[in-house]
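Q: Please take a close look at the aromatic rings here. Which of them pair up, and where do they lie?

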Amino acid sequence: GYPTDKRVNFATMVLRLVPEEATRVAALRAGEADVAPVSLASRKQIEAGGGRVVFGQEGVVWYVRHKGCWLPQFPCNKKEVRQALAYAIDKEVIRDKLYGPEVMVLKGWHTVTPSTIGYSPDLAPYPYDPNKARQLLAEAGYPGGKGFGKLVVHTWVSVSTPLMPEAAQLGADFWKRELGLDVEVRVGDQAALTKAAAALELSGSVVWGDDEARPDAAGHMRGLYANPDRKDTAHKDPELFALAQKVLAVYAPVQREKDFNSMYKRIRDEAYYLPLGYMNIP
């Protein structure tokens, strides 16, 4: 159906296993390879050699989640605290200083991107509003960060998302500067952190990671918002459980799109996840 023939035209294809990225880049620059997977760190070398980096659109979403907030002993039990943390981060600084707009896009919420069923443009990261963030934190009982205690941010070095610990540190710096919080970023192993989170060992902290984007986010919503028996649930709100269960039972395409959008907006307001947008993968 395209106006031109877009089929790949070649006589032979040779696939070579080259574990080291530096060797792959050298092969591209020397004309010994035509295509190779590379990271953002190699972009300048690729372009200087006459090549170009192609980005997989909407490949990865930010996974910045408050853990165990249904437990009353943690500050994040209050929605005002969760929203304050969301408003206090200037997402444009993270985008512009670390990635650029071609890589990091400030659209979408959670695992919902423009290609996801139920998306609408108003499902977007919270705008940067430090005054509102400070007001919300004060309303929650922590003016200027007093009485909040230490906030630990767990992150890891990601294969899909470059500079993730650096992004987490930028977020932590905003929370320190704008809200007066005592924040510590800890870089660990993704598998170990995932296991610890499932065992509720990270409750009260923030996990700053990444996750794959989804054309249909029903599975994620079911696990986090519709299953009251899940140990590492996002909440303990009976009304929200009932809403999610009702919406996830809808399969008629037009109604499903509408109901999912409504559910997403309701959950976004709770700010269990801190939306930062999505990443196009180099």
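A: Start with the term. Two rings of Phe, Tyr or Trp, the six-membered ring in the case of Trp, count as a pair if their centres lie within 6.5 Å. The model is predicted. The structure holds 10 aromatic pairs.

Take Trp175 and Trp208. Their ring centres are 6.3 Å apart, and their planes stand at 65 degrees. Planes over 60 degrees apart count as edge-to-face, so the Trp175–Trp208 pair is edge-to-face. Where do Trp175 and Trp208 lie? Trp175 belongs to helix H6, residues 164-179. Trp208 belongs to strand E5, residues 206-212. The pair therefore ties together parts that are 33 residues apart in sequence. Both Trp175 and Trp208 are buried.

Now the pair of Tyr225 and Tyr272. This one is tilted, with 6.5 Å from centre to centre and 45 degrees between the planes. Tyr225 sits in helix H8, residues 218-225. Tyr272 sits in the loop between helix H10 (253-270) and strand E6 (278-281). So this pair links parts that are 47 residues apart in sequence. Tyr225 is buried, and Tyr272 is buried too.

Go back to the tryptophans. Trp175 and Trp208 belong to one aromatic cluster, together with Trp62 and Tyr99.

Charges also sit over rings. The charged end of Lys236 is over the ring of Trp70, 4.8 Å from its centre. Lys6 lies over the face of Tyr2, 5.3 Å from the ring centre.

How values were computed:
Residues numbered from 1 in each chain as written. Predicted model: local features only at pLDDT ≥ 70, side-chain atom pairs only at ≥ 80, totals over all residues. Heavy atoms only, no water. Phe/Tyr/Trp six-rings, centres within 6.5 Å; stacked < 30°, edge-to-face > 60°. Helix = DSSP H or I, 4+ residues; strand = E, 2+ residues; numbered from the N terminus. Buried < 20%, exposed > 50% of the residue type's maximum accessible area, 1.4 Å probe, protein only. Lys NZ or Arg CZ within 6 Å of the ring centre and 35° of its normal.
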